[in-house]
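Subject: Structure handover

Hello,

Please find the structure below. My notes on it follow.

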Amino acid sequence: MKWMGRRESSNVDDRRGMSGGAIAGGGGIAGIVIYLLYTFLSGGSVDTSEITRQVQPGASQTLTAEQQAADEQRAKFVKVVLADTEDVWNKLFSENGSKYKEPTLVLFRDAVQSACGTASAASGPFYCPGDNQLYIDLSFNEDMQNKLNAPGDFAMAYVVAHEVGHHIQNLMGTSEKVQRLRQQLSEGEYNKYSVKLELQADFYAGVWAHHAQNMQNILDPGDIDEALNAANAIGDDRLQKQATGYVVPDGFTHGTSAQRMYWFKKGFETGDIKQGDTFNDPSLN
Ligand SMILES: [Zn+2]
């Protein structure tokens, strides 16, 4: 994807330097005491950057300079993707006579608090309808490459666009409708609706790619294949087979690899938001 030097979204809440949970926080304080004691006893000078690191466990404690630089690149990349989704969805909403409410992206490391509860990096990227925020631990990018066999920058762009897709569903009232059904349906029946929601988010990711390409010419050769490969790699069937120890990224059920690829592609080829009605699609009933 052509992203270098392009606009980065400012709707970003960067919590990578913050403690995610009580355990990490406790360790950090103990760390400072030990470090200060050590400095005091050894007569060495106090390195404030070390203290800052101890105060903010998880900030850069475990990352080498090289890893940190890579992390920064990834952060820049997702900010550009988010900016692209803003451009596209602002345009599509205003064409429909409504106004797009831009979501906030929370970048975190290890663990994070959201209106949907506490999440760890292991739960993968997710969207919380309760606070209109997307949550991404950038280490997921590495895992896609190394554990899920879904490499390429556009694979990550697809993931961001999919989470934004859930935001679109939230704005359109679709998530709420499905949530209401949850009380009335058995778990098996509800799962079907959960799949429809996920596939529609894939469809919206495709719609985004279609318009982002038309508006900004963002695609490199092979990008769409990277997204399709990622959709293929993180389908429920593949995930279960692989048993990577990964919790399935947001939601419970996402649809098969073939279904995910189909809906992303349909969105990308049509660019027409009206064609993403997974709820009334005969193949999904
Ligand atoms: Zn999802």
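How many disulfides does a search of the whole structure find? The search returns 1 disulfide, where the term stands for a pair of cysteine sulfur atoms within 2.5 Å. Before the details, two notes on conventions. This is a predicted model, in which local features need pLDDT of at least 70 and side-chain atom pairs count only at pLDDT 80 or more, while totals for chains, interfaces and linings use all residues. Residues are numbered from 1 along each chain as its sequence is written, and side-chain values use heavy atoms, with hydrogens and water left out.

Disulfide

The bond joins Cys116 to Cys128, with an S to S distance of 2.0 Å. Cys116 sits in the loop between β3 (111-114) and β4 (117-120) and Cys128 in strand β5, so the pair ties together parts that are 12 residues apart in sequence. Helices (H or I, at least four residues) and strands (E, at least two) are DSSP runs, numbered from the N terminus. The torsion about the S-S bond of Cys116 and Cys128 is about 95 degrees, so the disulfide is right-handed. Cys116 is partly exposed, at a relative accessible area of 47%, whereas Cys128 counts as buried at 0% relative accessibility. Here buried means under 20% relative accessible area, exposed over 50%, and partly exposed in between (1.4 Å probe, protein chains only).

Chain totals

The protein chain has 10 helices and 6 strands. Of its 285 residues, 47% count as buried. The accessible surface of the chain comes to about 13,600 Å², and 53% of that belongs to carbon and sulfur atoms; the areas come from the Shrake-Rupley method with a 1.4 Å probe, and for residues only the protein chains shown count as cover. Among contacts in the chain with a separation of 6 or more, 74% are between residues 24 or more positions apart, contact meaning heavy atoms within 4.5 Å.

Sheet

An open sheet is formed by 4 strands in the order β1-β2-β6-β5, with mixed pairing. Two strands pair if DSSP finds at least two bridges between them. The edges are β1 (12-14) and β5 (126-128), each with a single partner strand, so one side of each is left without a neighbour in the sheet. From one strand to the next the twist averages 25 degrees. Axes are lines fitted to C-alpha atoms, for helices over the stretch in contact, and angles run from 0 to 180 degrees between N-to-C directions. Helix α3 (residues 65-95) packs on the sheet and touches β1, β2 (104-108) and β6; the direction of α3 makes about 165 degrees with that of β2.

Strand β6 (residues 133-137) pairs with β5 in the antiparallel sense over 3 bridges. Tyr127 has Leu134 in β6 as its bridge partner, and Phe126 stands opposite Tyr135 in β6. The hairpin of β5 and β6 has 4 residues between the strands, and Asn132 in this hairpin takes a positive phi near 60 degrees. With β2, β6 runs parallel and is joined by 5 bridges; Thr104 stands opposite Gln133 in β6.

Is β6 enclosed or open? In β6, 5 of the 5 residues are buried, so the strand is largely enclosed by the rest of the structure.

Rings of Phe, Tyr and Trp (its six-membered ring) pair if their centres lie within 6.5 Å; planes under 30 degrees apart count as stacked, over 60 as edge-to-face and the rest as tilted. By this rule the count comes to 11 aromatic pairs. In one of them, Trp89 and Phe93 are edge-to-face, at 6.4 Å centre to centre and 80 degrees between the planes. Trp89 and Phe93 are 4 residues apart in helix α3, which separates them by about one helical turn. Both are buried.

Phe203 and Trp263 also form an edge-to-face pair, with 6.2 Å centre to centre and 75 degrees between the planes. This pair links distant parts of the chain, with Phe203 in helix α7 (residues 187-216) and Trp263 in helix α10 (residues 257-270), 60 residues apart. Phe203 counts as buried at 0% relative accessibility, and Trp263 at 1%. Ring pairs link Trp89, Phe93, Tyr100, Phe203, Tyr204, Tyr262 and Trp263 into a cluster.

Regards
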